[in-house]
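Here's a quick report to read with the model open beside you. Have a look at the structure first, then read on.

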Amino acid sequence: EVRDVRVKAASNGIDLSIHFIHRGIAPASHDSARRDRHLAELEATLNLAHDIGARAIVVHTGPIDCPGVAPAKASDQVWREAIENLADFLSRGARVAEDTGTILCVENLTHAPGFVIQSYAELVELIEMVGSPAVGITLDVGHADLTDGLRLAFETFPPYLRHIHIHDSDGQRDHQEIGKGKLDFSEYRDVLESYPFTMAIESRDEHDKEGCVLRSRDHLKQVLG
């Protein structure tokens with residue numbers, strides 16, 4: 001199916017991205033064997049991305065994972081070690097990304113207790129720790145709306161912004177059809193026109209999956225041109 005996906009995307013002018021698995025994934029784990037297993041999974045994903053012509057591979061930073069420690073109650077020392085583990089994981093993945101011509105795009109999550117990253121600034125610092133052109137940021141607009149705000153995200157993440165997950169949010173629930181929530185993307189048109197990132201629509205409607213995405217696309221066309 002690889003050739004079929006690549007040809008259909010190219011012939012229809014579609015940029016491809018892959019969301020790396022995130023359920024059960026802890027790239028910042030204190031368990032080095034677990035990190036190595038996740039790295040092997042990431043390398044396989046990067047090679048698949050190369051084969052189908054996808055450039056952006058989205059990665060979640062995940063939770064603190066230290067044996068015997070509740071993630072939400074981890075000490076500063078455990079948290080710093082988790083950050084170092086995560087930077088090492090991304091650095092090793094970046095070497096494969098550079099070889100395959102792909103980009104690891106670290107996604108902003110909600111700042112839930114127990115997650116490794118708890119602020120926009122910490123995410124930027126992580127990217128700078130890795131220091132590879134093959135590692136950037138995926139901005140999930142819904143996650144941003146539910147945490148520190150979308151405008152602050154657009155002010156903080158450049159010049160590392162490489163990819164966007166776009167959908168609507170009402171401040172309580174995201175992944176809504178674009179135009180049905182409260183986000184006004186015309187406010188960010190200047191930013192959206194300034195950076196060479198790809199954009200993936202993540203609007204969801206279990207009762208009308210295809211229609212939801214197409215209407216969201218058409219709404220974006222009206223707003224952004």
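## Ground rules

This is a predicted model, so local features need pLDDT of at least 70 and side-chain atom pairs count only at pLDDT 80 or more, while totals for chains, interfaces and linings use all residues. Residues are numbered from 1 along each chain as its sequence is written, and side-chain values use heavy atoms, with hydrogens and water left out.

## Helix α2

Let's start with α2, residues 32–52. Helices here are DSSP runs (H or I, at least four residues), strands likewise (E, at least two), both numbered from the N terminus. The expected span is 1.5 Å times one less than the number of residues.

At the start of α2, a side-chain oxygen of D31 comes within 3.0 Å of the backbone nitrogen of A33. Just past the other end, G53 has a positive phi of about 85°.

## The buried face

Among the buried residues of α2 are R34, H38, L42 and I52; buried means under 20% relative accessible area, with a 1.4 Å probe and protein chains only.

## An aromatic pair

The whole structure has two aromatic pairs, meaning Phe, Tyr or Trp rings (six-membered ring for Trp) with centres within 6.5 Å; planes under 30 degrees apart are stacked, over 60 edge-to-face and the rest tilted. F154 and Y188 have ring centres 5.1 Å apart and planes at 35°, so this pair is tilted. Because F154 lies in α6 and Y188 in the loop between β5 and α7, the pair ties together parts 34 residues apart in sequence. F154 is buried at 6% relative accessible area, and Y188 is buried at 8%.

Technical notes
Buried < 20%, exposed > 50% of the residue type's maximum accessible area, 1.4 Å probe, protein only. Polar contact = N/O pair within 3.5 Å; in protein donor to acceptor, adjacent residues only side chain to side chain.
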